[in-house]
Amino acid sequence: MAGTGKISDVDLAGSSAAALSGDGWRWLGVLAAIAAALALPWLVSNYHVFQLTLAMIYAIALLGLNLLTGYNGQISLGHGAFFAIGGYTSAILMHRWGVPYYLTIAPAGLLSFAIGVLLGLPALRLEGLYLALVTFSLAIATPQVLKYFDSWSGGSQGILLTKPAAPSWFPVGTDRWLYYLSLALLLVVFWAGRNLLKSRTGRALVAIRDHPISAVAMGVNTALYKTMAFGVSALMTGIAGALAALATAFVAPDSFSPFLSISFIVGSVVGGIATIPGAVFGGVFIQFVPNIASDISDAAPWAIYGLFLLAFMYLMPQGIAGTLAVLLRRLKPARAAPAAAARGPLQ
Amino acid sequence: MGQLLQQVLSGLATGAVYASLALALVMIHQATESVNFAQGEMAMFSTYIAWMFVQAGVPFWIAFVLTVAISFLGGVLIERILIRPVESAPVLSQVIVFIGLLVIFNSTAGWIFTYTVQEFPSPFGDTPLLGDMITSSELGVIGVTLIVLALLYVFFRFTPLGFAMRAAAQNPESARLVGIRVGWMLAIGWGLAAAVGAVAGIMVAPVLFLDPNMMSGVLLYAFAAALLGGISSPGGAVVGGLVVGVLENLVGTYLIATELKLTVALAVIIIILVVKPSGLFGTVMVKRV
């Protein structure tokens, strides 16, 4: 799977047994994962390349959700709306103004960022539950709004696009090109996200989540950080939305139903909501598990989503990434100081 | 003028349904300080149970009573089995459990009853009354809601069990000290909320038709209603529901396109929460740090 080796990001990196330092192991793991991800499109069919592309796109969106909900503690049940904003921005730019596809991703991300910041402002006044309520309502209202502005959005039919062709200097075919494009953006977003979360800013975000009053007392500008967390989270999810529009070559209101937002929450929880690599596990989960389950019945993927949500909630609230980190830490008792963020906000 | 009055009256009928669901939300919020995101889907599932009875030839009102009773039991069971473990967990965990419930109810309904839209019988017929101002089904919905409200009022105001439940919600520690089994009171609260939700679902199904996604819009209006009235005030939820129902109709008829109705509800929710989080009748929450 793409990037599974990146679990080393969490905390198991610092084994003192080997000659390599902790950072060395970590980078070795990441490099191995990247190498595997680079080779993968040549080993599987085009259709699977397309599925893996979508899994990576979901991973980018989930990282945005993890940053906001997992690290900063602001519950969003409406991230599908930002995915929609990204997707529609990209689609409208291409469809109406003939903008080349590679120039539509940045505007899509920036518009999502702006709208995220705007939504982050009222969110400052809303505590946990009420923010969940507002974002859930946003998720319900999104398809209707998209249908309403039909002169822009193409109404219920949506907008049909053409898949971007691979550039002449990299002739690998459309599916593989989209795969590598998504992989490149995934790496950039994850690298930026990791740097953000492992820095002062990341610690401030976690502090706001765990104890807002202490955070303020420590001099953290809560309002600024929370609004920016909303913006950056929306930015990531918006980029993912734009990529999804390119990869599927189609946007329509019904692809952005409340269930998209719910599947993001499922992916986050299953992967590990307050972890970085958890986003990759989550992306793989929400891309592949429903496909397997839909062989049983139309409703089966969702039934399985629901059961997984409850099962993870009760049995392993840290998600796959968090649980793996804990298990691997146990194997190396010498290492103390568990990463606070990896323990997660659910316990 | 005639049209205006007609819109107001039919708004009151849908508003009564929103009021019921909002009341279910408020009941659970009072007991546990959380909002049950699965309330709408639970009501939808109850409605399918009623539909099943009616399809099997059971007379409507017997099906109605059976469904409400089954929903009550279901609500109690859900609280005991699924909600209890996360009773004192962080908000995020609770929200995720509610979302899990929502998804499970929705998909189970889709699995058992398929996603085909079904017609649901109205027990009140569809005769126009009062010179075409209101139909008998609208009047029936308002009537049933008022009866449910009156029953709940009497229950919470005059019965020992109602008192015990209010005590458990207001001050669990003291209630426990005087011998009230707080855990069971919460479970009964969930059961009652599920039963009231079932009534709302059965009342709205003839209008919206029956399908697994029928309640998502209604839930949004119920959120708006509960917040408008003040989420800590049961009476407020009812007033809020009626106001939202009438507003929805008037705004939809005179101001903007019907396709934006849900967006209006969203805007109402955001404005209330930002400007006056306690709603019209709620108590202002004071937090000690």
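Modeller: Helices (H or I, at least four residues) and strands (E, at least two) are DSSP runs numbered from the N terminus, and by that rule chain A has 15 helices and two strands. This is a predicted model, in which local features need pLDDT of at least 70, side-chain atom pairs count only at pLDDT 80 or more, and totals for chains, interfaces and linings use all residues. Residues are numbered from 1 along each chain as its sequence is written, while chains are lettered from A in the order in which they are written.

Colleague: How do you know that the length of helix α14 of chain A agrees with its number of residues?

Modeller: The expected span is 1.5 Å times one less than the number of residues, so the 13 residues of α14(A), residues 319-331, should span 18 Å, and the end C-alpha atoms, 19 Å apart, agree with that.

Colleague: What makes A:Leu324 count as buried or exposed?

Modeller: A residue is buried if 20 or more other C-beta atoms, placed from the backbone, lie within 10 Å of its own, exposed if 12 or fewer, and partly exposed in between; A:Leu324 is among the buried residues of α14(A), which include A:Ile320.

Colleague: Which residues of α5(A) meet α4(B)?

Modeller: With contact taken as C-beta atoms, placed from the backbone, within 7 Å, A:Gly128, A:Leu129 and A:Ala132 meet B:Val91, B:Leu92 and B:Val95.

Colleague: How many residues does each chain give to the contact?

Modeller: Chain A gives 40 residues and chain B gives 37 residues, and the largest share of the chain A side, 15 residues, comes from α5(A).

Note on methods: Contact = placed C-beta atoms within 7 Å.
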